[in-house]
Amino acid sequence: MPQRKKYKRILLKLSGEALKGKREYGICPETLDNIAKQVAQVKEMGVDLCLVIGGGNIFRGVSAATNGMSRSNADYIGMIATIMNAIAMQDALEKIGVHTRVLSAIEVREICEPYIRRRAIRHLEKGRVVIFAGGTGNPYFTTDTAACLRAMETDCEIILKATNVDGVYDKDPKKYKDAKFYKELSYTEALQKNLKIMDSTAVSLCRDNELPIIVFNLNEEGNIKKAITGQNVGTIVGG
Ligand code: GTP
């Protein structure tokens, strides 16, 4: 099991839903500003920071596919939704003085830079927050997989996966009072028990390349800071 420690370069994965706050869909400006503030705090600590944001607050590819749309097209719409979220986050961060660059796996040159690995690394070295948009650029992959892939490509030491619960449980803690909380978990256990911390492609990719994941609650103020300074927060997945 990987030891918790102070990390120098991290990737924060947010679901699109994290941006919607109490709204049914879309982006809640207060929630966005709040997340941007937390990101700024991390940046002030001198940590290199990458961000991947899902698109589920705007469009959910998988559910559209079950309603008859082709999976590929549904996923493409979802990828475009992630670009919208990335631009919104860039806006919120730059408003408070955090330099950012959005790099997209799907080219929309008028809006953001195309994803070029070496460029992403250079931006990080220059102290910019790098927001990866457009997923992996391929349908049938999730933004969780994109997060793992980009984290590896840019030498991040850990993925921080933000959720609405305190970490990983054996069953839904919102439905079951006796749900068991895991402080740490191996990749194989997560896969075998189908604990759904991320989809299996993403978890397998992390396992094969030994990239640890911390699953934590974004709604608790200061949790990101705790996670990157090696404090006990959420569930660490590795080993
Ligand atoms: P350095 O090379 O470190 O100076 O990085 P930089 O990003 O500041 O340099 P550059 O001159 O390439 O970019 C200046 C601005 O243009 C930044 O805000 C970039 O995000 C943006 N930019 C660069 N390439 C593209 C692109 O292909 N499309 C769009 N829309 N913006 C771009």
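The shell around the ligand has 3 nonpolar, 1 polar and 7 charged residues. This is a predicted model. The report starts at the ligand and then moves through the protein.

**Around the ligand**

The residues that surround the ligand are R101, R109, E110, I111, C112, E113, P114, R119, H123, K126 and R128. The side chain of R119 places an N or O atom 2.4 Å from an oxygen atom of the ligand. The side chain of E113 has an N or O atom 2.7 Å from a ligand oxygen. C112 takes part through its backbone: one of its backbone N or O atoms lies 3.2 Å from a ligand nitrogen.

How much of the ligand does the protein bury? Taken alone, the ligand exposes 620 Å², and the protein buries 54% of that. Strand 4 (113-114) and helix 4 (117-125) are the elements that give two or more residues to the shell around the ligand.

**Aromatic pairs**

A pair of aromatic rings is described by the distance of the centres and the angle of the planes. Across the whole structure, a search finds 2 aromatic pairs. The table gives the geometry of each.

| Pair | Distance of centres | Angle of planes | Class |
|---|---|---|---|
| Y115 and F132 | 5.6 Å | 75 degrees | edge-to-face |
| Y169 and F181 | 5.1 Å | 65 degrees | edge-to-face |

Why does the pair of Y115 and F132 count as edge-to-face? Its planes stand at 75 degrees, and planes over 60 degrees apart count as edge-to-face. Y115 lies in the loop between strand 4 and helix 4, and F132 lies in strand 5 (residues 129-133), so this pair ties together parts that are 17 residues apart in sequence. Y115 is buried, at a relative accessible area of 17%. F132 is buried too, with a value of 3%.

The pair of Y169 and F181 has its planes at 65 degrees, so it is edge-to-face. It links distant parts of the chain. Y169 belongs to strand 7 (residues 168-169) and F181 to strand 8 (residues 181-182), 12 residues apart. Is F181 buried or partly exposed? At 32% relative accessibility, F181 counts as partly exposed.

**Charges over rings**

Y115 has a further neighbour. R150 lies over the face of Y115, 3.6 Å from the ring centre. Elsewhere, the charged end of K171 sits over the ring of Y176, at 5.4 Å from the centre of that ring.

K171 also has a partner in D178. The side chains of D178 and K171 make a polar contact at 3.3 Å. D178 is found in the loop between strand 7 and strand 8. D178 counts as exposed, with 56% relative accessibility. From D178 to R207 the C-alpha distance is 29 Å, and the two are 29 residues apart in sequence.

**A buried threonine**

T235 lies in strand 11 (residues 235-238). T235 counts as buried, at 0% relative accessibility. Which backbone atoms does the side chain of T235 reach? One is the backbone nitrogen of V168, at 2.7 Å. Another is the backbone oxygen of Y182, which lies 2.6 Å from a polar atom of the T235 side chain.

**Positive phi angles**

Y140 is not a glycine, although it has a positive phi of about 75 degrees. Y140 lies in the loop between strand 5 and helix 5 (143-153). Y140 counts as exposed, at 52% relative accessibility.

K196 is another residue other than glycine with a positive phi, near 55 degrees. Where is K196 found? K196 is in the loop between helix 6 (187-192) and helix 7 (200-209). K196 is exposed, with a relative accessible area of 63%.

**Apart in sequence**

E189 is found in helix 6. E189 counts as partly exposed, at 26% relative accessibility. E189 and G238 are 49 residues apart in sequence, and their C-alpha atoms are 9.8 Å apart in space.

Notes: Residues are numbered from 1 along each chain as its sequence is written. This is a predicted model: local features need pLDDT of at least 70, side-chain atom pairs count only at pLDDT 80 or more; totals for chains, interfaces and linings use all residues. Side-chain values use heavy atoms; hydrogens and water are left out. A residue is near a molecule or strand if one of its heavy atoms lies within 4 Å of it. A polar contact is a pair of N or O atoms within 3.5 Å; within protein, one must be able to donate a hydrogen and the other to accept it, and residues adjacent in sequence count only if both atoms are side-chain atoms. Accessible areas come from the Shrake-Rupley method with a 1.4 Å probe; for residues, only the protein chains shown count as cover. Helices (H or I, at least four residues) and strands (E, at least two) are DSSP runs, numbered from the N terminus. Ala, Val, Leu, Ile, Met, Phe, Trp, Tyr, Cys and Pro count as nonpolar, Asp, Glu, Lys and Arg as charged, and the others, Gly among them, as polar. Rings of Phe, Tyr and Trp (its six-membered ring) pair if their centres lie within 6.5 Å; planes under 30 degrees apart count as stacked, over 60 as edge-to-face and the rest as tilted. Buried means under 20% relative accessible area, exposed over 50%, partly exposed in between (1.4 Å probe, protein chains only). A charge sits over a ring if NZ of Lys or CZ of Arg is within 6 Å of the ring centre and within 35 degrees of the ring normal.
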